[in-house]
Amino acid sequence: MTESPRIVVLAGGVGGSKFTLGVREALVRRGAPEATVVVNTGDDLWLSGVRLQPDIDSIVYALAGVNDVVRGWGRAGDTERVNHELQAWGAGWPWFTLGDLDLGTHLARTGWLRDGLTPTQVLERMSRRWPLGAHLLPMTDAEVDTIVHVRDGAAMHFQEWWTRHRATLEPTAFENPGIAAAQPAPGVVEAIAAADVVLLAPSNPVVSIGPILAVPGIREALATTSATVVGVSPIIGGRVVRGMADVCLTAIGVETSAAAVAGHYGARRDGGLLDAWLLAEEDAALAPAVEGRGIRSVVCPLWMTDAAATAAIVEHALAAADA
Ligand code: FO1
């Protein structure tokens, strides 16, 4: 493969934003063009009259270097004056914090949406503020927020299930109403078709990567691209690195293991997605199981401790694509 591969990344959540930083670092070192990052919008919601796009904001803030690395979401050094006022009015959700700086983002976005811009155009405009070093696209311009159905028959927005209940209510299904009629955002299918390598970030396979793959046309684009598709395991040593992906995986009947997640995505030769799969050193014993599913396995360190360590993971993925 060329030193300057065209890369597309599918990403969402904190794992996606950390991974995107490593992709940018690896490509800058190679002098390669910016990656296109297709971002999950299944986490999005309307709250207090503004449109929130948590995964897009996590990735924009991380690439801009203005993210809160401790909480993993929102802006560094943010304050909560407006949030306290909203709570005093009984507006919004008492368990959900809208930081003042973060609210500026939501207000700007909502205003542009109300002016008639599409989410793709809004993200294009947001991407001009800071030199992000990546081309970000939402997975779709349609609103396809995630609804979680839980054991007692109740259903709620993903953000309520995730932040209020911390995923403790047993989910029975995740649903993205309207997704069957959604289309990939302009440029998504074209980027996948023109890519040399497509990388599946180590994001939550169910609620971050799952909605991207559920947009009609994206899975088909991945099946037909001449790019090599390489996934990075979000499971290290049989445990989720962060978040509550294990609860999501259990709900869809997938074991919390790096091999099972590879099996969930499937081998391209069998109609699935993956040509290759990066396994953590802690999971080296699973390599034969992954290979047995027809997916090339590469064992390497997968801890995204900083951009340099993550860039090394990306280099392993690019080498796997070359093999
Ligand atoms: N996560 C929380 O745990 N508590 C919050 O109050 C919260 C607020 C919030 C506001 C804006 C935003 O973009 C993200 C926010 N998050 C919050 C993170 C978010 O709920 C999830 O971590 C992601 O959606 C999962 O990828």
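Helices here are DSSP runs of H or I with at least four residues, and they are numbered from the N terminus. The model is a predicted one, and with that in mind we can begin with D68, which lies in the loop between helix 2 (54–64) and helix 3 (81–89).

Is D68 buried or exposed? Buried means under 20% relative accessible area, and because the relative accessibility of D68 is 15%, D68 counts as buried. Leaving aside residues up to four places away in sequence, D68 touches W73, G74, R75 and A76. A further detail concerns V70, whose backbone nitrogen lies 3.0 Å from a polar atom of the side chain of D68. Quite another relation holds with P216, which is 148 residues apart from D68 in sequence and 34 Å apart from D68 in space, C-alpha to C-alpha.

From this loop we can turn to the space inside the protein. Rolling a probe the size of a water molecule over the atoms shows where empty space is left. The structure holds one cavity of 30 Å³ or more, and the space in the largest cavity comes to about 40 Å³. Its lining is made up of L47, S48, N83, L86, Q87, A91, G92, W93, F96 and L98, and helix 3 supplies the largest share of that lining, with three residues.

Methods
Residues numbered from 1 in each chain as written. Predicted model: local features only at pLDDT ≥ 70, side-chain atom pairs only at ≥ 80, totals over all residues. Heavy atoms only, no water. Helix = DSSP H or I, 4+ residues; strand = E, 2+ residues; numbered from the N terminus. Buried < 20%, exposed > 50% of the residue type's maximum accessible area, 1.4 Å probe, protein only. Contact = heavy atoms within 4.5 Å. Polar contact = N/O pair within 3.5 Å; in protein donor to acceptor, adjacent residues only side chain to side chain. 1 Å grid on protein atoms, 1.4 Å probe; cavity = no way out; pocket = protein on both sides within 12 Å on 5 of 7 lines; lining within 4 Å. Points joined across faces, edges and corners; volume = space filled by probe spheres on them.
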